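This briefing covers helix packing and nonpolar cores in a predicted model. The points below are grouped by topic.

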Amino acid sequence: MPRKTIKVENLARVEGEGALTVTIRDGKVRNAALRLFEPPRFFEAFLRGRDFSEAPDVTARICGICPVAYQMSAVHAMEDALGIEVDGRIRELRRLLYCGEWIESHGLHIYMLHAPDFLGYEGAIEMARDHPDLVQRGLAMKRAGNELMTVLGGREIHPINVRVGGFYKAPRRRDVLALSDPLKRARDIALETVRWTATLEIPDVHRDYELVSLRHESEYPLNEGRIVSNRGLDIAAREYDTHFEEIHVPHSTALQSRRRETRSTYLVGPLARYSLNYDHLTPTAREAARAAGLGPTCTNPYQSIIVRAVEVLYACEEALRIIASYEEPSPPAVTIEPRAGSGYAATEAPRGLLYHGYRIDRHGTILSAQIVPPTAQNQPTIEEDLMTFINDWIDLPDDALRHRCEQTVRNHDPCISCATHFLDLRIDRA
Amino acid sequence: MTLVVIGIGHPDRGDDAVGRLVATRLRGRVPAAVTVVEEEGEATRLVDRLRGTASAILVDASLSGAAVGTIHRFDAANDPLPEGNLGMSTHGFGLAEAIGLARALGSLPQRCVIYAIEARSFDLGAALSAEVAAAADDVVERVVAEIRAGA
């Protein structure tokens with residue numbers, strides 16, 4: 001049978017490294033196989049035998065885009081193992097740091113990685129030539145997140161100020177207050193961004209996902225909450241392994257996740273968080289979402305660009321709320337006595353639920369580590385999205401079809417990252 | 001005139017660490033007025049670093065097919081970057097995109113030099129290749145000389 005294979009070597013707007021092969025037979029998508037490189041396995045092995053206190057800094061190195069997410073899941077899991085509770089000012093400061101990462105990561109994805117898909121450009125450089133204002137707006141949004149991360153994280157890349165129990169050093173009140181003005185500007189930019197994303201041409205498609213995210217009783221989830229779904233799941237992070245499993249698939253070295261009971265796929269990330277926690281958004285964020293055409297739930301993955309903008313708006317407002325009443329926590333961390341135990345935590349990385357599980361001995365030495373990143377959880381769902389949506393576009397020329405495939409993958413901002421190079425995309429038509 | 005030196009890479013990814021290593025070694029070897037920073041290579045962060053700077057020297061690893069340890073030098077202010085994986089770092093959205101974005105936005109420094117050291121592998125946890133380590137020494141000296149000559 002004659003085959004036609006299109007190879008794209010420069011799909012640079014997915015964070016990191018991966019490959020996608022779409023197989024088309026008899027006018028239908030027969031298969032979509034996404035292959036990802038996955039660094040967590042290396043880091044899980046690297047952590048064994050190290051002290052529990054090293055987990056936040058070691059795991060932060062997994063991802064240059066979301067180091068805070070890795071630090072937060074690590075500290076919460078370790079605190080679970082050690083039986084300590086962190087509350088009050090330290091808890092607020094953690095939430096503030098996480099807001100910075102959301103603003104930074106979502107800003108990057110909305111403007112530099114995803115927007116060119118909707119406006120018909122190869123990438124951000126080509127878009128910048130025609131729409132420098134858009135790119136500048138994205139840079140300004142991201143910069144506000146950077147500044148917040150630098151003040152709280154202690155340095156510009158790979159924050160080093162986070163420790164199990166709290167922070168090494170509390171940021172000074174005047175330094176934190178100085179973040180107010182940049183964040184107010186970022187909030188205005190975010191509002192403008194929500195309005196702008198609503199003007200984009202977005203395919204009107206939906207899928208019946210099982211949406212999975214954290215849910216907290218009173219706040220939009222970042223650091224804490226129960227793991228819930230729109231199909232009735234409601235568990236603590238400690239029970240994660242009972243309800244989710246990681247499996248090997250032949251086409252990828254990375255593990256893929258699925259629901260253990262039903263063996264079915266599920267979706268984590270902005271769509272899930274938004275749909276399961278709409279009531280905890282600020283009134284401004286809810287109103288902006290409504291004006292942008294979103295209902296209280298969203299199951300159109302192409303609208304994820306709007307949802308991310310709404311989440312940036314929320315993160316700016318939440319950050320401003322925390323900053324307004326910030327007092328330096330003293331001491332900046334609670335005291336810890338090592339003990340043997342197991343600890344589990346999930347937090348909301350910009351891309352979705354990030355699960356960590358550890359076992360430590362009585363000296364605090366790590367015996368085992370398990371890290372399940374959001375992209376491993378979404379990978380089978382992304383393949384299903386391709387199988388579902390691409391059929392409608394199958395008669396498009398290869399170039400246009402390839403573009404649709406790329407956009408469909410990028411809807412979920414896969415953090416193949418932490419990794420190298422490009423997504424190698426093949427379309428195989430018989 | 002402001003001058004910034006940017007070492008780009010990831011410390012855990014084999015030869016990709018070389019840009020950061022060069023930056024580390026340059027601290028203390030260059031005049032106090034020269035800013036030496038390290039970055040992982042994410043494009044928008046690099047664009048921000050280049051903004052408002054008159055002169056920049058960037059050091060990164062490359063995988064272009066040349067012999068391991070080969071030192072490439074590009075004048076990014078005046079010439080287009082070569083196609084391929086030069087200066088791709090560990091990011092798909094990295095140095096090449098940063099230069100392209102800065103150019104499109106009119107914020108590329110008047111003088112912008114890139115040193116790219118040809119890598120063997122970016123494997124997680126791998127040590128620096130001997131050829132790359134040797135090249136790092138050379139690049140440190142060349143950057144010091146270039147700054148001394150009035151870069």
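In this predicted model, helix 6 (residues 132-153) of chain A and helix 8 (residues 180-197) of chain A have axes that come within 9 Å and cross at roughly 140°. An angle over 145 degrees would count as roughly antiparallel, so helix 6 of chain A and helix 8 of chain A are oblique to each other.

**Helix 6 and helix 8 of chain A**
- The crossing of these two helices is left-handed.
- Helix 6 of chain A contributes Arg137(A), Ala140(A), Met141(A), Ala144(A) and Glu147(A) to the contact, and residues from helix 8 of chain A include Leu183(A), Ala186(A), Ile189(A) and Ala190(A).
- The contact comprises 8 nonpolar, 1 polar and 3 charged residues.

**Helix 4 and helix 12 of chain A**
- Helix 4 of chain A packs against helix 12 (residues 304-324) of chain A at about 155°, and their axes are 9 Å apart.
- Helix 4 of chain A is therefore roughly antiparallel to helix 12 of chain A.
- The crossing is left-handed here.
- Among the contact residues are Trp102(A), Ile103(A) and Ile110(A) of helix 4 of chain A and Val312(A), Ala315(A) and Ile322(A) of helix 12 of chain A.
- By class, this contact has 14 nonpolar, 4 polar and 5 charged residues.

**Nonpolar cores**
- The largest nonpolar core has 153 residues, and those with the most contacts inside it include Met78(A), Ala190(A), Leu101(B) and Ile117(B).
- Helix 4 (residues 88-119) of chain A gives the most to this core, with 13 residues.
- Leaving aside residues up to four places away in sequence, Met78(A) touches Phe52(A), Ala55(A), Val164(A), Gly343(A) and Tyr358(A).
- Another core, of 12 residues, lies apart from the largest one and includes Leu20(A) and Phe389(A).

Technical notes. Residues numbered from 1 in each chain as written. Chains lettered and ligands numbered in written order. Predicted model: local features only at pLDDT ≥ 70, side-chain atom pairs only at ≥ 80, totals over all residues. Axes fitted to C-alpha atoms, helices over the stretch in contact; angles between N-to-C directions. Helix = DSSP H or I, 4+ residues; strand = E, 2+ residues; numbered from the N terminus. Parallel < 35°, antiparallel > 145°, perpendicular 65-115°, else oblique. Left-handed = near helix turned anticlockwise from the far one by under 90°. Contact = placed C-beta atoms within 7 Å. Nonpolar A, V, L, I, M, F, W, Y, C, P; charged D, E, K, R; others polar. Core = buried A, V, L, I, M, F, W, Y, C linked by C-beta atoms within 7 Å. Buried ≥ 20, exposed ≤ 12 C-beta atoms within 10 Å, placed from the backbone.
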